Amino acid sequence: MQISGKSAIQELIDKLGKDIILTTKEELIPYMKDASYIKGKMPLAVCLPENADQISSILKICNKFKINVTARSGGTSLTGSSVESFDGIIISTMNLNRLLELDLSSRYVVCEPGVRIDILNTELKKHNFFYPPDPASSRASTIGGSLSTNAGGLRAVRYGATKEWVLGMEVVLPTGEIIRTGEYTLKRSAGYDLTALMIGSEGTLGIITKAILKIEPLPETTAKIMGFYRDILSVGKSMDTIKSQGITPIIAEFMDLPTINSIKKAMGIEVPAYTQYLLMVDIDSAPEALERKLASAKDIMGKFSEDVIVIRDQKRMDEIYAARKGAYSALLEQRDNSNQLIVIGDIIVPSSQLADALGEIEGYARTDGLKTTLFGHIGDGNIHANIFMDNTEEGRKKMAKLQMDIARVAIRHRGSVSAEHGIGTEKNELLYEEYKERNSLYTLEVMRLIKKAFDPNNILNRGKIFYEPD
């Protein structure tokens, strides 16, 4: 450890006490990994602050010594954004885990970044409300992490991504100043929208310590329709027709046969022998209108599928919902060996382009010789290509090539290399490729200028979003 690092850590201990500063190897090792395949550097220390003032003190000290800082909450990042890329410290916000205020008439909740999304919704359900953003890792993921990556999830087809549900926030800047952005109101026209700027910035501009989030009443009644298909083109036609008829589902998910097989026992369904893809659509409405919408959607799906079933029992629906959320974990059982890793991709295309994009991805996977399964959020065109990667240098090279091939599919179809997972370190080259193909590389330069304005010493989450050589 360099002298400046030792001096910074000692000053942190002197200022905040030993209880919230982890420094032993055994304490630091768990923070070298998140949910991605990317291994970070061992941090010099991990800080466990309990409020914004303590985070402010930490950042002032680190900025003075020019010590790199990585913000982390639930550690569910799939792109390596919550592990250290350079020597530095980690600030965990998991002790900032309180629900601070709930206003049902104004429809907002105020909470700290360490609150887990499922815990928030458990509390809101008591009042017949919910927070719509719904990442598959909602049991473990936190408000802070979902804000930092602009998370989406299963309900994005109806409710959009996280950015649609944030009214304002409290943020500690890299220099230690505490600012508040936004307000408690639905409308506000008052200067630059710094709230929107912070969302998706992956901890590179500041550390979120409080968020004002919009909430919604729970749907009155919901039912699930499941259709089994021979090809993805028929799945796409079903979804396009449903949406063109004015029906906007709460959830619209597709999965290929290997994914279906990994979770069919948990879902408790019989899969017809011809099945190559499954489409799951959740529709809600007032009780008197639900049957009409269900009949219309079922009729549409029946034109492209030989087997369509409707599920109204809430317990069964919850079981299927949980199985879909566990699809990534279930795929681990299909690995060739325990050392093989699964890298979950995250591109997005306009939903009308989905079928063509999936066909191209399947072709690249065959050419590159990598086992790849496909599922995702068909309603908004979000494809998760799950690549089975041998954990060797050669395996990583083959995976990186396929990732780039898939990214170019997204770019060709007017989409993006990242839909909801962020960029982290995994996708900064892919992001460069996207802007290069759009003939807009100066957009990245503008982002760097914004980063420099907020973080003149470049201490916050270095190496994330922008590629930086060590």
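Trainee: Why does Val446 count as partly exposed?

Mentor: In this predicted model, the relative accessibility of Val446 is 35%. Buried requires a value under 20% and exposed a value over 50%, so Val446 falls in between and counts as partly exposed. The residue is found in helix α16, residues 442-454.

Trainee: What makes Val446 part of a nonpolar patch on the surface?

Mentor: Membership of a patch requires over 30% relative accessible area, and Val446 has 35%. Together with Tyr442 and Leu449 it forms a nonpolar patch, with about 300 Å² of accessible area for the three residues together.

Trainee: How many aromatic pairs are found in the whole structure?

Mentor: The search finds 3 aromatic pairs.

Trainee: Why is the pair of Tyr108 and Tyr184 called tilted?

Mentor: The ring centres are 5.2 Å apart, and pairing requires them to lie within 6.5 Å. The planes stand at 55°; stacked would need an angle under 30 degrees and edge-to-face one over 60, so the pair is tilted.

Trainee: Which parts of the chain does the pair of Tyr108 and Tyr184 tie together?

Mentor: Tyr108 belongs to strand β6 (residues 108-111), whereas Tyr184 lies in the loop between β9 (178-182) and α7 (194-198). The pair therefore ties together parts that are 76 residues apart in sequence.

Trainee: Is Tyr108 buried or exposed?

Mentor: Tyr108 has a relative accessible area of 7%. The limit for buried is under 20%, so Tyr108 is buried. Tyr184, at 28%, counts as partly exposed.

Trainee: What makes the pair of Phe130 and Tyr159 edge-to-face?

Mentor: Their planes stand at 80° and their ring centres are 5.6 Å apart. An angle over 60 degrees counts as edge-to-face, so that is the class of this pair. Phe130 lies in strand β7 (residues 129-130) and Tyr159 in helix α6 (residues 156-159), so the pair ties together parts 29 residues apart in sequence.

Trainee: How do you know that the charged end of Arg158 sits over the ring of Tyr159?

Mentor: The charged end of Arg158 is 5.7 Å from the ring centre of Tyr159, and the distance criterion is within 6 Å. The assignment also requires a direction within 35 degrees of the ring normal. In a further case, the charged end of Lys371 sits over the ring of Phe388, 4.5 Å from its centre.

Trainee: What makes β6 and β10 a pair of strands?

Mentor: Pairing needs at least two bridges, and β6 and β10 have 4, in the antiparallel sense. The bridge partner of Tyr108 in β10 is Lys214. Strand β10 (residues 207-214) is mostly covered, with 6 of its 8 residues buried.

Trainee: Why are β1 and β3 called edge strands?

Mentor: The open sheet has 4 strands in the order β1-β2-β4-β3, with mixed pairing. Strands β1 (21-22) and β3 (68-72) each pair on one side only. For β3, 5 bridges join it in parallel to β4 (residues 88-92), where Val69 stands opposite Ile89.

How values were computed
Residues numbered from 1 in each chain as written. Predicted model: local features only at pLDDT ≥ 70, side-chain atom pairs only at ≥ 80, totals over all residues. Heavy atoms only, no water. Phe/Tyr/Trp six-rings, centres within 6.5 Å; stacked < 30°, edge-to-face > 60°. Helix = DSSP H or I, 4+ residues; strand = E, 2+ residues; numbered from the N terminus. Buried < 20%, exposed > 50% of the residue type's maximum accessible area, 1.4 Å probe, protein only. Patch = residues over 30% accessible without salt bridge, like charges linked within 9 Å, V, L, I, M, F, W, Y side chains within 5 Å. Areas by Shrake-Rupley, 256 points an atom, 1.4 Å probe, with all protein chains shown as cover. Salt bridge = Lys/Arg side-chain N within 4 Å of Asp/Glu carboxyl O.
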